[in-house]
Amino acid sequence: MLKETYKKWCIAFLQLAGTLVIIFVFHNTVLITLSLLLWWGITFYPFSKQDLVLFFLTSLFFTLVDISVLHQGIFAFTDKDFFGMPYFEVFMWGFYFLHTSRLLQGAIPTSVWQGIIFSGVIFLALSAIPNISIA
């Protein structure tokens, strides 16, 4: 059991370290995106149906939130490839959620899903409010 936990944390550390290296070493956002998807494909393998759903729905949701927030001018990315964000940003939240899910043993209880959906609706609603002040 301890050996399996150690292995899981080592893979998670290498996966995160590799992700950061790819983002900071490469300068072409298309190359970064393709490299990240390949790296995650290797380090997340094998995938379950839940993994893929979690990855793509989270990516889609947070892409919509990012677009809304960027449109309001709350923050900006240096690379503006796709609706004001770099290509790889479209997949980053999917990675964050799947990475965290794997660290938490993968099984996400129904009550957590309800909380995620509720929080998502609130964040999406807040991101649609024009001229929101953070300060």
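Read from the N terminus, the elements of the protein chain go α-α-α-α-α, which comes to 5 helices and 0 strands; helices (H or I, at least four residues) and strands (E, at least two) are DSSP runs, numbered from the N terminus. The model is a predicted one, in which local features need pLDDT of at least 70 and side-chain atom pairs count only at pLDDT 80 or more, while totals for chains, interfaces and linings use all residues. Residues are numbered from 1 along each chain as its sequence is written, and side-chain values use heavy atoms, with hydrogens and water left out.

Of the 135 residues in the protein chain, 32% are buried (buried is under 20% relative accessible area, exposed over 50%, partly exposed in between, with a 1.4 Å probe and protein chains only).

Helix α4 (residues 89–103) packs with helix α2 (residues 29–44) at an angle of about 15°, the axes being 12 Å apart. That angle makes α2 roughly parallel to α4 (under 35 degrees counts as roughly parallel, over 145 as roughly antiparallel, 65 to 115 as roughly perpendicular and the rest as oblique). Axes here are lines fitted to C-alpha atoms, for helices over the stretch in contact, and angles run from 0 to 180 degrees between N-to-C directions. The crossing of α2 and α4 is left-handed, meaning that the near helix is turned anticlockwise from the far one by less than a right angle; clockwise would be right-handed. On the α2 side, the contact is made by Thr33, Leu36, Leu37, Trp40 and Phe44, and on the α4 side by Phe91, Met92, Phe95, Leu98, His99 and Arg102. These residues divide into 8 nonpolar, 2 polar and 1 charged (Ala, Val, Leu, Ile, Met, Phe, Trp, Tyr, Cys and Pro count as nonpolar, Asp, Glu, Lys and Arg as charged, and the others, Gly among them, as polar).

Helix α4 also meets α1: their axes come within 10 Å and cross at roughly 165°. That makes α1 roughly antiparallel to α4, and the crossing is again left-handed. From α1 the contact draws on Lys8, Trp9, Ala12, Gln15, Leu16, Thr19 and Ile23, and from α4 on Met92, Phe95, His99, Arg102 and Leu103. By class, that gives 7 nonpolar, 3 polar and 2 charged residues.

Two residues of α1 are worth a look. Leucine 16 lies in helix α1 (residues 2–25) and counts as partly exposed, at 37% relative accessibility. Neighbours within four places in sequence aside, leucine 16 is in contact with Phe95 and His99. Between leucine 16 and phenylalanine 95 there are 9.5 Å in space, C-alpha to C-alpha, though the two are 79 residues apart in sequence. Threonine 19, also in helix α1, is buried, with a relative accessible area of 1%.

Most residues other than glycine have a negative phi, and most peptide bonds are trans. Tyrosine 45 and proline 46, however, are joined by a cis peptide bond, with omega about 0°; proline 46 is found in the loop between α2 and α3 (49–72). Phenylalanine 83 is not a glycine, yet has a positive phi of about 50°. That residue is found in the loop between α3 and α4 and, at 54% relative accessibility, counts as exposed.

How values were computed: Contact = heavy atoms within 4.5 Å.
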